[in-house]
Amino acid sequence: MDSPQAKKSGLNLPAGMSETSLRLETFSGSTFHAVTNLGSPRTISNLSASPSKSSSCSDRFIPCRSSSRLHTFGLIDKGSPLKEGGNEVYSRLLRAELFGSDFGSFSNAGPGSPMSPSKNMLRFKTESSGPNSPYSPSILGYDNGFSSETSTPPKPPRKVPKTPHKVLDAPSLQDDFYLNLVDWSSQNVLAVGLGTCVYLWSASNSKVTKLCDLGPNDGVCSVQWTREGSYISIGTNLGQVQVWDGTQCKKVRTMGGHQTRTGVLAWNSRTLASGSRDRNILQHDLRVQNDFVSKLIGHKSEVCGLKWSHDDRELASGGNDNQLLVWNHHSQQPALRLTEHTAAVKAIAWSPHQSGLLASGGGTADRCIRFWNTTNGHQLNSIDTGSQVCNLAWSKNVNEIVSTHGYSQNQIMVWKYPSMTKVATLTGHSMRVLYLAMSPDGQTIVTGAGDETLRFWNVFPSMKTPTPVRDTGLWSLGRTQIR
């Protein structure tokens, strides 16, 4: 039967036990404090053992997370490089699952606080390797890529040989800015106009062939191969345009129409454009009996630059009137008239990498290379080269452009587009570098000057993914060494 004391307190106690026996006594000399609230969770707010006396505890130790240093095992709050905020939610959930919901109060600790999380927790890569570590990325030359903060080291500039690997004598090569006397065919044959003659030099075996002699009353003003490389056109001092079979050294046709010298020629896939000192541009079609099929009138002075775009849709022409005109293939009027140059425009090049991108260079009073968007006529950039710009050629292997110059430095410059940083500056000619042509593989250029030399330079790398070409000997389209 329950005792009256037990009923009064509301506790069910075993027989023979009183309520006072449950009271915890405070031992003298000890700083242990008993828990007074039996209904609350068991916590220990202060525990320090006395050095003089040993005390015993009647319960197991259960730590309080708020007084522990579990925050040192926190996750790094680092944004995802791919999705902003993507790691933040995941890290918050992971901390809550591992360490409880009360751990969140430490997640915002500053980097300088004693409770800030360790930066090496849950990471595959340390911040930096020691300078003497054999596994340093600077020694191995690579990084494991786990840190998005690690940037790829800058690529060293490509080395371009400063001297030509071959020099040919070219007696009677004229020092005339308005002529175009050197061209390299797709079948690896170089054509050069020397005085009244045109010579063919095979890059495969260095064999020289005399194609023609115009006689004492005429002279060669321009040469231009067809894109297939079998036929060559010759512009003469008397205003004629002759077409020759380069393989048989046989003249195919002579076409008139110009009143004076024909200084520039440009083939597309079907027709031939010729520019003259008479300020006109004529369009010739070998399939038609007439000398020319159309006449483009727009320049006010001698036409000295002509280039078809790679898709044959546009023809760019430059003149001694400082104008750059762009013609549509079906129009008799220029679609664009660009007048920013302040000197004659001979140097013209279409980009093989971007449609509608045109580069042009001005003469001595201009010295600038300008880039144009022919779709809207806007000038994209202008670079002052410091010298007369005589020729431009765009590499088909890499997005770079080469320019040759006259007064006053006579240099050859290779530029990276679109940054227009200089890759190389080459010197060697003692006079204006008036002539420029590129090998069919796009690696070698040949330059000519009034110093009566032709110099061959290796300036561009090979194509990264070259198309296999069957080698057929002399007329191969593949890579041929020039020795």
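**View 1. Thr226 and its contacts.** Skipping its neighbours within four places in sequence, Thr226 is in contact with Tyr231 and Trp267 (contact means heavy atoms within 4.5 Å). Thr226 sits in the loop between strand E6 (220-225) and strand E7 (231-236). Thr226 is buried, at a relative accessible area of 9% (buried is under 20%, exposed over 50%, partly exposed in between, with a 1.4 Å probe and protein chains only). Keep in mind that this is a predicted model, where local features need pLDDT of at least 70, side-chain atom pairs count only at pLDDT 80 or more, and totals for chains, interfaces and linings use all residues. Residues are numbered from 1 along each chain as its sequence is written, and side-chain values use heavy atoms, leaving out hydrogens and water.

**View 2. Cysteines without a disulfide.** Searching the whole structure turns up zero disulfides (pairs of cysteine sulfur atoms within 2.5 Å). Take Cys212: the closest cysteine sulfur, in Cys197, is 7.1 Å from its own, too far for a bond. Cys212 is buried, with 5% relative accessible area, and Cys221 counts as buried at 3%.

**View 3. An open sheet of four strands.** The order here is E10-E11-E12-E13, with antiparallel pairing (strands are DSSP runs of E, at least two residues, numbered from the N terminus; two strands pair if DSSP finds at least two bridges between them). Strands E10 (262-267) and E13 (294-297) stand at the edges with a single partner strand each, so one side of each has no neighbour in the sheet.

**View 4. The E11 and E12 pair.** Strand E11 (residues 272-276) pairs with strand E12 (residues 280-284) in the antiparallel sense, over four bridges. Look for Leu272, which stands opposite His284 in E12.
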